[in-house]
Amino acid sequence: MLRCCAFLAALILVGFTTLEAHADRRVALVIGNSEYRTIPALKNPDTDAENVSKTLRLAGFNVFVAKDVTKLQFEEKFRNYLAAVDGADLAVVYYSGHGFQIGGENFLIPVDASLKDAADIEVQAIKLDDVLQQLRSKSKIQVIILDACRNNPFPRKDYWLRDQLIVSGETGLAQVKSSLNTLIAFATEPGAVAYDGTGALSPFSSAFSRRALAPNQEIRTVMAAVRRDVVKATNGKQVPWENSSLVDEVVLMRHDEPEGQQVMVEQPQPASERGLHITGAAEAIDNHGVSIPVGVGPVPLKLDFPTNDPAVSLKLASYPATGTLSLPDRTLSPESSLMADDIDHLRYEPQIGSAAPVEVGFQISAGKASKRATMKLSPSVDPCDQAAGAPLDLQGVAPGRQPNEIGGGAVEACETAVKTYPGVTRFRYELGRALLASGKVDEARKAIQEAADKGHVRAVFELGDIAASGTGTAVDPTKASSLYSQASDKGDPYAMAAWGRALFNGIGVQPDTGKGLDLLLKAAAMGHINAMNDLAVIFQEGRNGVPADPARALAFLKAGIDRQGVYSMSILGLPARSALPVAVCKPKVVRKIVTKIKLVPTPTPTTPPEVFETPLKPIQNDTGPAPWRGSSGDHPEPKGGGSGSSEGSTTEGSTGTTDTGSADTDTTGPTDTGSTGSVSDTGSTVGSDSTGLF
């Protein structure tokens, strides 16, 4: 009889578990920009972001929060978000702050934007279409919520977009075409302005946070309710709007109600025995601290809970500040309840980009007895990611290293990671990078091919890079172009830059100047320094029908310098942090530009750190010019044999000039290169500057 009662109690307590999401992966990025530096601050976005982030956490989302972000901070936060959202069922982006349209293109404005010059929109603002393109390539369903429909607050009204100077005159944001399974919600109708309201929250975010937690409501029903609330609050002056191409149902707050009235039944136990159970359970949690690797999925906490007594229940008293707690069948929210049997299955997934320890608090109860316990979880980066992660890898979890920074212990670290986490494709790619850096070309190609076959996008680019350079194989530009195109379509910035150069210059493919320029601009917007350098040369000289504009060239070089781009400095003729020779632009360009550059001194580079000593922030180690490998000079010369290029070697091709031209001649301009330290019409180049914050 007691066993039957215990079983019934367990069923009933499970029925009382509320506010829990299903096991699908749902990731949100919430941005609130209030404290603008060159224009008046906005009063609501920070509090809007805080309110919406709490709402989505209650709905079981892994929520990335960013407040008052600069352009570089956005790149870093968005990169981490994209790594987390890779393969997700639902990706949500909420933005509150300044946003406006130019020529039908919508831009979100970071707090450090000045937009004084016509070229500034491309290097200082965030194009909404770029955000959408990335999400479409990574997630099943996308929801974009924009509480940012405003007039252009900057004095300047004309800006460069691709190859045209466009005058902004429209109000609010432009309508956006949705691709399949996308919903884009605007705080007000296209072309109209949203209101701040009279309280701490905007009318739109207030209504959204209130309506989004309605249990089991499909999102289009939620947005209809939001619309009614906002219209009422603004006396009809603001009408929220959305474009939807959803074919799947999207429910923000799932709530599985047990049928019928539930009655709590407990197994009779002496109060002293309950007290022992609770005390032992609290000690098991309080004494538990664990390091959790980032980017390997949910990690079991292995609490070894001392009781499975169904009379013992736990409620989350404090949810971790970042990351998500889950059970195998569901994600937990800050108000979740658990049974004693659940604790041994509890898992935690750290948030990518977060290094701070987090605490999880539980209120443990049995009858009238109750006790609180807290455990500490510390996110950690796997040694393989530290040793051989790739810069700007949108499926990576670390800032990344250049090939010459990959130490001797990287192969061993990555072999261990591949064995420990066979389902994490990223480690196979990083093993390939480590093997390539150590000169084991055949083994490297095999590992990289395995990663590409399993869906790692940067590995696809890497195979194109190998085909373009002939590393351990015959040069095959046709194969390289095909692979670059595939990886570019998946949003990889390296591939966008390589494919963009080929198209812009017609190297090995039919020329498409417009598409090539657009891809270079997209790569630059994601923090790819070499793409910025290429664009600077294009705009300085004017090439392939793109008009010359030295101010536009300067904007991209300054953006490269902001990201510690040594070769951006060298193109300007500024002192670089390396004594090796580099090419410069024509003297007249130097005289015009150098007076406008303010440099921040940086320390002299030291020997690259060992495998386990990766800095928290990406750094640019100066290895000097390197001959082109068809992308970004991403690999050193194999040390143990094989053919290919030699990054960092002192050959004739690495001195900053070639026999057919250099950057200080009229042949200056991007070719099928990976970086623009100096270039020629033969496609050789020097410099590798691909490290950025993104």
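The largest nonpolar core has 137 residues, and F61, Y81, I109, L135, L146, L535 and F556 have the most contacts inside it. A nonpolar core is a set of buried Ala, Val, Leu, Ile, Met, Phe, Trp, Tyr and Cys residues joined through side-chain atoms within 4.5 Å; buried means under 20% relative accessible area (1.4 Å probe, protein chains only), exposed over 50%, and partly exposed in between. This is a predicted model, in which local features need pLDDT of at least 70 and side-chain atom pairs count only at pLDDT 80 or more, while totals for chains, interfaces and linings use all residues. Residues are numbered from 1 along each chain as its sequence is written, and side-chain values use heavy atoms, leaving out hydrogens and water.

**Sheet**
- An open sheet is formed by 3 strands in the order β5-β6-β7, with antiparallel pairing; two strands pair if DSSP finds at least two bridges between them.
- The edge strands, β5 (99–102) and β7 (126–127), each pair on one side only.
- F107 stands opposite K127 in β7.

**Disulfide**
- C384 and C414 form a disulfide, with sulfur atoms 2.1 Å apart; the cut-off for such a pair of cysteine sulfur atoms is within 2.5 Å.
- C384 lies in helix α10 (residues 383–388) and C414 in helix α11 (residues 410–420), so the pair ties together parts that are 30 residues apart in sequence.
- Both C384 and C414 are buried.

Technical notes:
Helices (H or I, at least four residues) and strands (E, at least two) are DSSP runs, numbered from the N terminus.
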